[in-house]
Amino acid sequence: MQRNEYIILGAGESGVGAAILAQQQGLPVFVSDSGQIKPQYKAELEQYSIPYEEGGHTFSRILSAQEVIKSPGIPDSAPLIRQLAEQQTPIISEIEFAYRYAGDSVMIAITGSNGKTTTTNWLYHTLHNAGLDVSMAGNVGTSLARQVALAPHAYYVIELSSFQLDHMYQFRAHIAILLNITPDHLDRYDHQMELYARAKMRITQNQEPTDYFISWIEDDWTQRLLKEPGMGAGRRIFFSTKASSDDAVVASSHNGQLRFALQEPVFELLETDLALSGKHNVQNALAVGCAAQALGVKPEIIQASLETFTNVPHRLEYIASIDGVDYINDSKATNINSTWYALESMRKPTILILGGTDKGNDYNDLMELVKEKVVGLIYLTTDSAKLHRSFDSVIPRHEEVTSMRDAIAAARQMATAGDTVLLSPACASFDLFTCYEDRGDQFRAEVLAIAQQQGDTDRSL
């Protein structure tokens, strides 16, 4: 048996991309997946003659690996990962592996508890409009490894989760953006907020003085940890959603106006002109503008891009209006803070669909907005006890369901003309759905099916 193999755990997009890159680089590679590999990925592995296994792991082969490239979905607490760590086998992420072979490409890395997908897409939109050879990677688009192997680009905008950052060591972000740090995935961090926050701050590691670290100056965790030594050598620049006198604040929003001053000429635009509404999207826009200015994009292109971007699916995605009731898909809200921002942006009485796999949520953080905005609750989950304890006494109109069809039916019974039905679960999706996209897709499909039956597809939100 070979003992110099590169073992890839997980045969999804990142795993198969890493396998293709490893083979291209002449490295002995083996892919192992505990579940069934999707047909399109299995076909690729066979096309490239990459050995693989599915439905379980051959421990002896994996434990003999020279290095392991791990899917971010596999927790460090898994017995196999613990064994590898105990014997000091290097375990890295697909992003870390791809970076080794990316040459002089500029790496723009984005993380945060909320907003990173929107910001990644918005910044890509801006840089693409500027004519740069740019692509997206990480948690969006095609895996970085696949692109480095088959279709390299000069610039990559990379969405990074804390799970990916946990296993990144040499990766250098030429521009790093940390949007915010709020409670999320605490079940993977021993329910310790500081461990999760420090994972996010790993985005600063290996930065050099010519690099940029962009963050929100009002974020407590980010600013607290930045005071510690060794948090990256990149130039620290901040955006602010309040009036700030800090000299490092180069972008801000005050009295409904955004101002960008990292590079000359300084330019401004109204919040109401942004393509996306809501306080959270003001933060996202400020981060996009900072990064684009750091890359020398002209103000007129930045402004036009901030005004013309179309939001990604599953993030406050308006679906339809039926019988005067608006239906909004915010399935990507998998934590409390995301749902808070969604509720904050609601302007009509709201029927809120929430629930799923709880990640250590404290629902008290939502309570004031629920009291203010919500007129009915639907618990879409197999484990609703915590939701009942938190909200039943606050919102008497509530119902428990275990399918999206039943959730929509319950929402239709609760809602009256002028209301909004909002899917913003504050939880992961794995109790009833394969992923948040599946959950959002089912919501969209159920709503559009009803709208089509009624010939009621008003999109005047």
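## The open sheet

In what order do the six strands of the open sheet stand? In this predicted model, the order is β15-β16-β20-β17-β18-β19, and the pairing is mixed. Strands of a sheet pair through backbone hydrogen bonds, either parallel or antiparallel. The edges are formed by β15 (317-322) and β19 (398-401), each of which pairs on one side only. On average, and with direction ignored, neighbouring strands of this sheet are turned by 20 degrees against each other.

Helix α16 (residues 404-414) lies across β15, β16, β17 (350-354), β18 (374-380), β19 and β20 (420-423). The helix runs at about 165 degrees to β18.

## The annotated binding site

An unreviewed UniProt entry lists Gly 112, Ser 113, Asn 114, Gly 115, Lys 116, Thr 117 and Thr 118 under "binding site". Of these residues, Asn 114 and Gly 115 are included in the lining of the largest cavity.

## Two residues of the loop

Gly 112 lies in the loop between β6 (106-111) and α6 (116-129). Gly 112 counts as buried because its relative accessibility is 0%, under the limit of 20%. Beyond its neighbours within four places in sequence, Gly 112 is in contact with Leu 178, Leu 179, Asn 180 and Lys 200.

Asn 114 also has its place in the loop between β6 and α6. With 5% relative accessibility, Asn 114 likewise counts as buried. Leaving aside neighbours within four places in sequence, its contacts are Leu 179, Asn 180, Thr 182, Asn 335, Asn 337 and Ser 338.

Technical notes: Residues numbered from 1 in each chain as written. Predicted model: local features only at pLDDT ≥ 70, side-chain atom pairs only at ≥ 80, totals over all residues. Heavy atoms only, no water. UniProt positions renumbered as here; feature names shortened; annotations may be inferred. 1 Å grid on protein atoms, 1.4 Å probe; cavity = no way out; pocket = protein on both sides within 12 Å on 5 of 7 lines; lining within 4 Å. Helix = DSSP H or I, 4+ residues; strand = E, 2+ residues; numbered from the N terminus. Buried < 20%, exposed > 50% of the residue type's maximum accessible area, 1.4 Å probe, protein only. Contact = heavy atoms within 4.5 Å. Pairing = 2+ DSSP bridges. Axes fitted to C-alpha atoms, helices over the stretch in contact; angles between N-to-C directions.
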